Amino acid sequence: MGAGASSGGAPFSDGKGTVSDGKAGDPALTSIADVLVAHQQDRFRCALDRHQQLLAREQKHCRLLGYESSSRYHQPLMKDKLESTVCLMDDLGASYGRDHRRHHDFSQVHESALDDGPVRAMCALADSASVVCASSAGPLWVYNWREGRAVSRMRVAPEGDRAGARGRPNCKGRVLRMSPFGSDAGFLATGDELGRLALWNLAGPFCETEVRLHQGEVTGVRPDPASDALFTTGGDSYVLLFDVHAQRLLARGRPRSCSCGDGIPNTVLELGQSGKQIFVGGVDGKLRVWTKDDRGLQRQCSLGCSGSKPTQCAVAADGWRLVVATCPAEDIHCGYEPGSGGLHVFDTRRLGADGRSALVAEHMAPSDRWAYGGGDGVCAQGGPQGVIDMALFEEHGESLALCLMGGGLSAFDLRRAATAAPPEAPAAEGLASYAVVAPEFDFDIVARPDGGCGRPSEPCAILTMGHLVLTASTAPSLSVWRRPPAGEDAGHSDYDGSIKDPFVLCARCVAFETPAALHGDQARLPTAHRC
């Protein structure tokens with residue numbers, strides 16, 4: 001037995017009280033205590049090796065997702081990430097958003113609602129976290145940017161169902177105008193390009209009512225502050241006041257035959273602060289002022305916009321500054337060479353019989369303002385001229401008109417524009433009676449967040465909610481920016497904070513990458529850069 005065991009490599013004594021199996025460096029254990037101690041050390045060594053492997057793997061993955069760290073004090077965070085269970089795509093998106101916020105100071109999430117196309121119109125609700133988005137394909141979705149997800153979707157036809165069948169709302173056509181309705185903004189009024197007005201209950205969500213009011217597209221929807229009715233306008237030149245609950249028409253206005261505005265399609269509608277003045281823009285480059293009284297809707301005067309048709313119209317908080325964004329008018333209706341579009345500021349206190357003295361400031365956009373080059377403040381040419389969209393920012397003692405023009409964002413100080421206007425004395429023959437203003441600052445909202453998407457994009461919609469500014473691009477993406485106050489600290493006492501970005505990116509929502517887009521040079525995750 002002994003000889004056979006020795007020849008077979010069995011353990012033998014070396015004469016020093018240690019049992020060896022014939023291999024150098026592997027001493028045998030002769031007591032239970034040594035066995036327990038060695039077993040505990042093996043467990044610790046195996047656990048340490050396992051944790052190091054997992055942490056190395058997680059660090060590699062997190063480097064791809066945007067969180068890169070090799071410090072020891074970050075290992076508890078990495079271990080917590082390992083112990084978390086990621087079972088759903090929503091959990092994966094939330095984890096990616098947290099990693100992105102740690103590395104870039106803003107969160108980035110993926111939203112399947114953006115698969116319907118870029119956001120072409122946005123509407124703010126009662127709170128500062130929710131916004132209604134209208135996609136280019138037709139569907140609507142309510143997006144909560146703090147939660148980072150769409151909470152509801154509308155105008156989505158069920159599979160195999162015909163749009164509008166059995167009382168269901170029509171889902172064809174793109175929504176052009178939206179407005180919250182009700183005291184708590186629990187309803188949403190929409191107008192689409194097929195002339196339909198719809199009222200949506202956001203608690204469902206479901207469609208309360210739908211009616212076709214206009215021949216052509218609906219280009220303006222605003223609630224009447226004095227009643228449960230809606231002002232609408234469209235491509236048929238009519239201005240209507242419609243009671244959505246009683247389903248009846250309360251008032252109707254249209255320019256008289258052979259008068260200014262007769263047969264001219266309208267492009268935008270906005271109400272004055274009192275609700276008695278209605279401002280309606282036309283494709284002929286004019287803004288017509290209507291009033292509502294006991295006799296119904298009456299047209300008072302027309303305001304010229306330098307041959308540019310209004311695309312957006314808003315009244316400032318002071319109640320008398322009327323800001324109009326324009327793009328080139330249609331020459332077939334204009335009668336003369338159209339303008340290049342831009343920004344126009346009117347004083348509603350100076351509306352006369354002809355409205356010529358109401359214009360106080362103007363900025364016409366040059367067509368070659370932005371040159372292609374791919375850097376900051378540089379956008380591609382060939383896009384739409386004039387102002388695509390506009391929103392007013394009135395916070396922190398500022399009054400700015402934020403305009404999407406030339407592929408970027410331009411901000412105009414409305415208070416400076418009003419004070420720069422000449423006195424109310426009549427202008428001399430051939431001289432302008434209004435001031436020409438320049439942008440307060442320009443900011444490229446596309447190149448920084450969408451610079452790594454691998455394809456060119458342009459801004460297409462803008463909205464303000466308090467100190468927040470929401471922008472949409474054709475990437476498609478939706479970005480939430482914050483306007484820092486003028487006295488906000490930007491570093492230590494020795495840091496010169498005089499030069500800083502006018503907006504800080506807080507959150508960003510992008511579409512899911514399709515499998516076809518994940519090949520070649522685009523085989524990477526969407527990236528974003530710190531503002």
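Colleague: Is Asp 42 buried, partly exposed or exposed?

Modeller: This is a predicted model, where local features need pLDDT of at least 70, side-chain atom pairs count only at pLDDT 80 or more, and totals for chains, interfaces and linings use all residues. Residues are numbered from 1 along each chain as its sequence is written, and side-chain values use heavy atoms, with hydrogens and water left out. Buried means under 20% relative accessible area, exposed over 50%, and partly exposed in between (1.4 Å probe, protein chains only). Asp 42 has 33% relative accessibility, so it counts as partly exposed.

Colleague: Which residue forms a salt bridge with Asp 42?

Modeller: A salt bridge is a side-chain nitrogen of Lys or Arg within 4 Å of a carboxyl oxygen of Asp or Glu. Here the closest N and O atoms are 2.6 Å apart, and the partner of Asp 42 is Arg 45.

Colleague: Why are Arg 45 and Asp 42 separated by about one helical turn?

Modeller: Helices (H or I, at least four residues) and strands (E, at least two) are DSSP runs, numbered from the N terminus. Both residues sit in helix α2 (residues 32-65), and they are about one turn apart because their spacing is three residues.

Colleague: Are Arg 288 and Asp 284 buried or exposed?

Modeller: Their side chains meet in a salt bridge, 2.4 Å from N to O. Both Arg 288 and Asp 284 are buried.

Colleague: How many residues apart in sequence are the parts that Glu 440 and Arg 416 tie together?

Modeller: Glu 440 forms a salt bridge with Arg 416, with the closest N and O atoms 3.2 Å apart. Glu 440 lies in the loop between β27 (435-436) and β28 (441-443), and Arg 416 in helix α6 (residues 414-419), so the parts tied together are apart in sequence by 24 residues.

Colleague: Which residues are linked with Arg 155 in a network of salt bridges?

Modeller: The structure holds 14 salt bridges. The network links Arg 155 with Asp 192, Arg 196 and Glu 210.

Colleague: What is the bridge partner of Thr 233 in β14?

Modeller: Strands β13 (residues 229-234) and β14 (residues 239-243) pair in the antiparallel sense over five bridges. In β14, the partner of Thr 233 is Val 239.

Key. Two strands pair if DSSP finds at least two bridges between them.
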